[in-house]
Amino acid sequence: MKKYNTIACIVSVVLLMSTLSACSQISNNLDGEESLETQDTTIGQEDTTTTQDIQASITTISTDVTTTVSNNLTVLDESSTSSVVTDDDSSTLSTTTASAIPVDGIASSSGSVVQSISLSKTSVTIEVGESDMPIVTMYPTDADDKSEIWNTSNPQIATVDDKGNITGISEGSCTVTVTAKANTSVYAEISVTVVAKQETQQNTDDTVTEPTYIDGILIVNKTYALPSDYNPYDGDIAPEVQEAFNTMEQDARAEGLTLYISSGFRSYDYQAGLYERYAQRDGYDKADTYSARAGHSEHQTGLCFDLNTIDDSFADTAEGKWVAENCYKYGFIVRYPEGKEDKTGYQYEPWHLRYLGVELATKVYNSGLCLEEYLGITSEYAD
């Protein structure tokens, strides 16, 4: 419909231009004829009568063309403000409103709106008191507003905060929904199952009462543990760590890269449940190569975090390569470097960064050593 109205409008304008051109030509001819009146009075009188008739016809034509153009523009304007869309999966009709549609039918480029949402996971199983946070990606990625609205179908089963952190409250199942704030018709759902908290069977040192510092550096690894109640930043990463990340993220973004924290602080209890699930799945020996036992996780310090996709493939991404080469400039080191598994006690984790401050991080980076080597310490469980 918009297409035909546009064509009608264009045709009308062409007719108007043609008419005006004709008017100009006739006017010129009339001027020439009026100059002949001195030679032939009779002819001049006939020309005067003819001129009046022609001018009246031109006025009528111009009025008709102007009215047609005006009507077509009005129809086009009205048809561009609303359209009826039929959903192929439903007989119901829904009305959508389009804004700022130019006369030529080309959509405005003033900004893009979220059209779809992708989740890193569509279902989660967590224990009572445990939390999980799926990663959200909105498309197009250059949308002007990618704000999220989070809701839970049953807050008695699981709650969700405005960042998408889902926490188990009691046993049962519910659905958590994330909606695009700028386009509430676009949303995605996560099926949440909350199970009873399981007792862990891992070996931990319950006698630890104080964290360990070596050369002024807080150390947490397989040799050195944290007290079970250690939580200095109220369940979050340290403010200076967040500030350093923000600066790094902004500089990376300026180079067309995307960095985000996918896992920050983890409590003693959270880590206990996480490690146990890995151990049940892969066995304790295998779990020990990539997951820390409760009290031995750097995540409990509030001084580290995992970036983007927690997967070996992160190392080969543009972001992974940039982080490896530049993170020390912001006070971070790749805590578990490649080829240092026998020193750190863990497999290579290109996504795991530890904050040391710019001066120390630069020294460790330039040394080519992992933190254990740099400080001359071990990372081995007592058992």
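The model is predicted, so local features need pLDDT of at least 70 and side-chain atom pairs count only at pLDDT 80 or more, while totals for chains, interfaces and linings use all residues. Residues are numbered from 1 along each chain as its sequence is written, and side-chain values use heavy atoms, with hydrogens and water left out. The protein holds nine helices and 17 strands. Here helices (H or I, at least four residues) and strands (E, at least two) are DSSP runs, numbered from the N terminus.

**Overall figures**

- Of the 383 residues in the protein, 39% are buried. Buried means under 20% relative accessible area, exposed means over 50%, and partly exposed lies in between (1.4 Å probe, protein chains only).
- The accessible surface comes to about 21,400 Å². Carbon and sulfur atoms hold 48% of that surface. Accessible areas come from the Shrake-Rupley method with a 1.4 Å probe; for residues, only the protein chains shown count as cover.
- Take the contacts in the protein with a separation of 6 or more: 65% of them are between residues 24 or more positions apart. A contact means heavy atoms within 4.5 Å.

**The sheet with β14 to β17**

- Four strands form an open sheet in the order β14-β15-β17-β16, and the pairing is antiparallel. Two strands pair if DSSP finds at least two bridges between them.
- The edge strands are β14 (261–263) and β16 (332–336), and each of them pairs on one side only.
- On average, neighbouring strands of this sheet are turned by 50° against each other, direction ignored.
- β16 and β17 (residues 349–355) run antiparallel and are joined by four bridges. Y336 stands opposite E349 in β17.

**The sheet with β4, β11, β10 and β7**

- Another open sheet of four strands has the order β4-β11-β10-β7, with mixed pairing.
- Its edge strands are β4 (123–127) and β7 (148–152), each pairing on one side only.
- From one strand to the next, the twist averages 25°.
- Five bridges pair β4 with β11 (residues 183–195) in the parallel sense. E127 has V195 in β11 as its bridge partner.

**Salt bridges**

- The structure has 11 salt bridges. A salt bridge is a side-chain nitrogen of Lys or Arg within 4 Å of a carboxyl oxygen of Asp or Glu.
- K121 and D132 form one of them, at 3.1 Å from N to O. K121 lies in the loop between β3 (116–119) and β4, and D132 lies in β5 (residues 131–132), so the pair ties together parts that are 11 residues apart in sequence.
- K121 is partly exposed at 27% relative accessibility. D132 is buried at 18%.
- E130 and R277 form another salt bridge, with the closest N and O atoms 2.4 Å apart. This pair links distant parts of the chain: E130 sits in the loop between β4 and β5, R277 sits in helix α4 (residues 268–282), and 147 residues separate them.
- E130 is buried at 5% relative accessibility. R277 is partly exposed, with a relative accessible area of 31%.
- D282 forms a salt bridge with R281, the closest N and O atoms being 3.0 Å apart. D282 is partly exposed at 34%, whereas R281 is exposed at 57%.
- E298, R335, R354 and E372 belong to one network, joined by salt bridges that share partners.

**Cysteines**

- The structure holds zero disulfides. A disulfide is a pair of cysteine sulfur atoms within 2.5 Å.
- C304 is buried, at 0% relative accessibility. C370 is also buried, at 1%.

**L375 and its contacts**

- L375 is found in helix α9 (residues 371–375). Its relative accessible area is 13%, so L375 counts as buried.
- L375 touches I214, D215, I217 and I219, leaving aside residues up to four places away in sequence.
- L375 and I214 are 161 residues apart along the chain, yet their C-alpha atoms are separated by 7.6 Å.

Definitions and conventions
Axes are lines fitted to C-alpha atoms, for helices over the stretch in contact, and angles run from 0 to 180 degrees between N-to-C directions.
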